[in-house]
Amino acid sequence: MTADQNLATRSDPGPRQDRAGLLGGLALGALMLIIALAVALTGRTTAAGADARAVVAAGGTQTVAVTLAGMRITPSVIEVTKGTRLVLEVTNTDAMRHDLVLDSGQETPLLAAGQFATIDVGTVSAAIDGWCSVPGHRAAGMTMSIVVTGADGTGTGTGEAASLGHDMGSMGGSATADGAAPAIDFHTAPGPDWQPYDPTLAPAPGATEHRLTMTVRDTVVEVAPGVRQTLWTFNGTAPGPTLHGKVGDVFTITFVNDASMGHGIDFHAGSLAPDEPMRTIAPGESLTYQFVANSSGAWLYHCSTMPISLHIANGMYGAVIIDPPGLPAVDTELVLVRSELYLGAQDGIADEAKIAAEEPDAILFNGYANQYDHAPIRVRVGERVRVWVVDAGPQRGAAFHVVGAQFDTVFKEGAYLLKAGNAEHGGSQVLDLAPAQGGFVEFVLPEAGHYPFIDHAMVDGERGAHGVLEAY
Amino acid sequence: MLDVWSLVRFVHVVGAVVWLGGQLTLSALVLPVARRRLADDDRADLMRILGMRLGIATVAFLIPLQIATGVALAWHKGVTVASLAEPGYGRMLAGKLVAFVLVMLAAGLHGWANGVGRRTLARSLAVSSLAGSFVIVLLATALPVS
């Protein structure tokens, strides 16, 4: 205390000590910065490729840590000496849910981020394949294999395990195939209870702010007469609801996941950092997605969860229509969302192998094969018709054509390609769209009759991308 | 969106602002003026009392608050002890926590050095605590958003 008093009452410490204190403090601060940055910026990268192959010591019980993340299972190959008992400690370090299923019959439950589970594989005597059973993840590369190296193990009493592994293996194989897809008969009519998807574009509401809840559910939907799929739908239908507004409108979407797996949403009609609003959310979760429609156009929205091809093919798409300023009202305004159907088993989900091979079973307007052949769209002779078309894909382009009509107005991807009354007296026959593109065409039907509208990629036009405008 | 987590984040940020602002006020505003205007013992007295008050507020209030809100935010973010070792968000947060511990250590030692009359050391520690606080804020702003 006396020392304290002494120092406190002593004369000013003087500029030299003062500077020493300051410099010492800054040096210490710099040291803190270096230490903190050393911690922050170093560390083992757990990128794909690291620890791709694990070799397990022979004999006894061996435990291997398995990580599920980034559409990879690490290690992807585990080498085991025959007769070794293998235990897998499986951890999901990803933001989305995963599991690990082995064709030897064992599996982990669905693991949320950070959760782990243990699989006792038992004594390994034959090769075993493993994968994540969340739809699409196996095709995206979430596979692993346990391979047996022939060297002797601890004992020979493994015949039972070998036959077990074999049987379960074949069972796993057939379970994946899940039965054959039903055949589509393009010439049958739907049942009496069938309701077509309303192609009419509802007028944009007067308000400049649009609020909507969009809920994803697993929904059994008829996609062709007698053919049903369990689609992942936005608000119960595929395509999901069509949003309609003007340039500058604000859309506030409450996105709810009531389905059985992770999903996300991506609105092309707004521009924003995808990180938060387009993230995948787990079942039971919701998020708010707000965007300003700064640009006019026919915009696609779709699920943002990998593999996006599967999620779009399984019904997760829809349109946002933003009118260009000064767009005149017309008598009939329609929206057609074109998509491909990669049919899985009856009541099953889309077939990933067909998606990968780009071999669709049918092409759909508004989610149903030949929908408007069964329910023709009636328009008046001599009145102006505007048809908005969005190509949801997931993979193929569109060539929208109306048999017997010529388009005098074509608006594609934010610009008029053609306007009525142009000096060249030009007309148009097809609106071509790459996957995700959109636009509209306008025309007048000159006399009463049945005007088919088709995808003029004729193979596609003959497998579902077909409907009828009935002029009266 | 303004939800309960924005509120927790708000409290966490305000806590940091109070701690950093308190130090900055003492070192950069009060001390130079006190040097010029006050007699040596008055100044030493004033600085000791102000330092003690900030110290007490820190230990009794700010540290528990920052730890509680910080742990809550990390939990909400899905941070686990294991993920602190992973490059990216985890490592950045670990670096921030290390800086936090170092700063609190420097601040505590500053109090001790003042108490035993080692003024140059005390000043060094005060300056390093202030500089280190900026390091914490730097790492906080460097945390990846997603």
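**Notes on backbone geometry**

1. Helix α3(B) is followed by B:Gly117, which has a positive phi near 80°. Helices here are DSSP runs of H or I with at least four residues, strands are runs of E with at least two, and both are numbered from the N terminus.

2. The model is predicted: local features require pLDDT of at least 70 and side-chain atom pairs count only at pLDDT 80 or more, whereas totals for chains, interfaces and linings use all residues. Residues are numbered from 1 along each chain as its sequence is written, while chains are lettered from A and ligands numbered from 1 in the order in which they are written.

3. Helix α3 of chain B covers residues 89-115, and its end C-alpha atoms lie 39 Å apart.

4. A cis peptide bond with omega about 0° joins A:Ala238 and A:Pro239. A:Pro239 belongs to the loop between β11 (227-234) and β12 (243-246) of chain A. The loop between β11 and β12 of chain A also holds A:Asn235, a non-glycine residue with a positive phi of about 55°. A:Asn235 is partly exposed because 16 other C-beta atoms lie within 10 Å (buried: 20 or more within 10 Å; exposed: 12 or fewer; partly exposed: in between; C-beta atoms are placed from the backbone).

5. The bond from A:Met306 to A:Pro307 is likewise a cis peptide, with omega near -10°. A:Pro307 lies in the loop between β16 (297-302) and α4 (308-313) of chain A.

6. A:Asn366, not a glycine, has a positive phi of about 55° and sits in the loop between β19 (362-365) and α6 (371-374) of chain A. A:Asn366 counts as buried, since 22 C-beta neighbours fall inside 10 Å.

Conventions:
The expected span of a helix is 1.5 Å times one less than its number of residues.
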